[in-house]
Amino acid sequence: KVPSYTFYLEIFTTLGLKFKPLKSDTCKTCDLLRVKINATSSEDLKNKLTEELKIHQALGESLQNEMKSDMERAKNDNSIQVVVYDLQKVLIIPKAPSSLLYYTRNFNIYNLNIHENNNGNFYVWTEIEASRGSREIASCIIKHFNAHLKEDTAEIILWSDSCSGQNRNHIVACILLHFLHKNATKYPNLKKITLKFLKSGHTFNICDTDFGTLEKAFRRQQIICTLDQYLDIMRHCKL
């Protein structure tokens, strides 16, 4: 006999059970350690791996908490600006349900989200204009500073993932140092730019929330054939 919906609801409510989507983009270190823990029969090795997993996850969580703490500090201290930035997965055109387009050569569009003060700022360019390396990322950050940097700012804190090809490298650091020295007169209070990086595999941040909202808006548009269509969706999307 099939149980009633009331019975089903009562059991799930009592036990605190719920359905949720399967996880995606999981941490490779966490996955590897869990596989080793499940595969080993040695209790000593299992305890050692379990402790290693806890330390790894604690580090990722502590960096997430530090980022949230910095964002709270910026709300109460006008001399601090906290900027979180991340590159969205590659957008392609044409986007359409036709199977014929699957085999055509796609045109790539890149979107860097620089999130500050509960606002997502999208910096968009195509593969014709530039690539998506460290120079392009740093250029977008400098463009954002020129448009949004406050005169009384004394410190800028930048949060991103630890991708060495785009964020965690000497090129980004040198360009930011050049900006600091070049604008010493324009922003006399600005003395420090701090780069902070989230733990690899545990890099979820406010930019990913913005990207999720964008993806929902893109899915509602079945056919996208031009860059202007993407930009129009971004302008009217409520983040």
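How many salt bridges does the count come to? I looked this up in the predicted model, and the count comes to five salt bridges.

**Entry: opposite charges**

I reminded myself that side chains of opposite charge can pair when their charged atoms come close.

I began in helix H2, residues 28-39. There the side chains of Asp 31 and Arg 34 meet in a salt bridge, at 3.8 Å from N to O. I noted that Asp 31 and Arg 34 sit three residues apart, so about one helical turn separates them. Asp 31 is partly exposed, at 30% relative accessible area, and Arg 34 is partly exposed too, at 36%.

Next I moved to helix H3, residues 43-76. Lys 75 forms a salt bridge with Glu 72, and their closest N and O atoms are 3.4 Å apart. These two are also three residues apart in H3, about one helical turn. Lys 75 is exposed, with a relative accessible area of 53%, whereas Glu 72 is partly exposed at 44%.

Still in H3, I found Arg 73 and Asp 70, three residues apart. Their side chains meet in a salt bridge of 3.1 Å, N to O. Is Asp 70 buried or exposed? I checked: Asp 70 is buried, with a relative accessible area of 3%, while Arg 73 is partly exposed at 37%. I then saw that Asp 70 and Arg 73 belong to a network of salt bridges with Glu 66 and Lys 196.

**Entry: cysteines**

How many disulfides does the count come to? I got zero disulfides. For Cys 27, the nearest cysteine sulfur is that of Cys 30, 3.7 Å away. A disulfide needs the two sulfur atoms within 2.5 Å, so Cys 27 is in no disulfide. Cys 163 is in no disulfide either, and the nearest cysteine sulfur, that of Cys 207, is 14 Å away. I also looked at accessibility: Cys 27 is buried at 5%, and Cys 163 is partly exposed at 31%.

Which residues does a cis peptide bond join? I found Ile 93 and Pro 94, with omega at about 0°. Pro 94 lies in the loop between strand S2 (91-93) and strand S3 (107-116).

Then I checked phi. Asn 117 has a positive phi of about 55°, and phi of Asn 118 is positive as well, near 65°. I placed Asn 117 in the loop between S3 and strand S4 (119-126), and Asn 118 is found in the loop between S3 and S4. Asn 117 counts as exposed at 55% relative accessibility, and Asn 118 is exposed at 62%.

Conventions
Residues are numbered from 1 along each chain as its sequence is written. This is a predicted model: local features need pLDDT of at least 70, side-chain atom pairs count only at pLDDT 80 or more; totals for chains, interfaces and linings use all residues. Side-chain values use heavy atoms; hydrogens and water are left out. Buried means under 20% relative accessible area, exposed over 50%, partly exposed in between (1.4 Å probe, protein chains only). Helices (H or I, at least four residues) and strands (E, at least two) are DSSP runs, numbered from the N terminus. A salt bridge is a side-chain nitrogen of Lys or Arg within 4 Å of a carboxyl oxygen of Asp or Glu.
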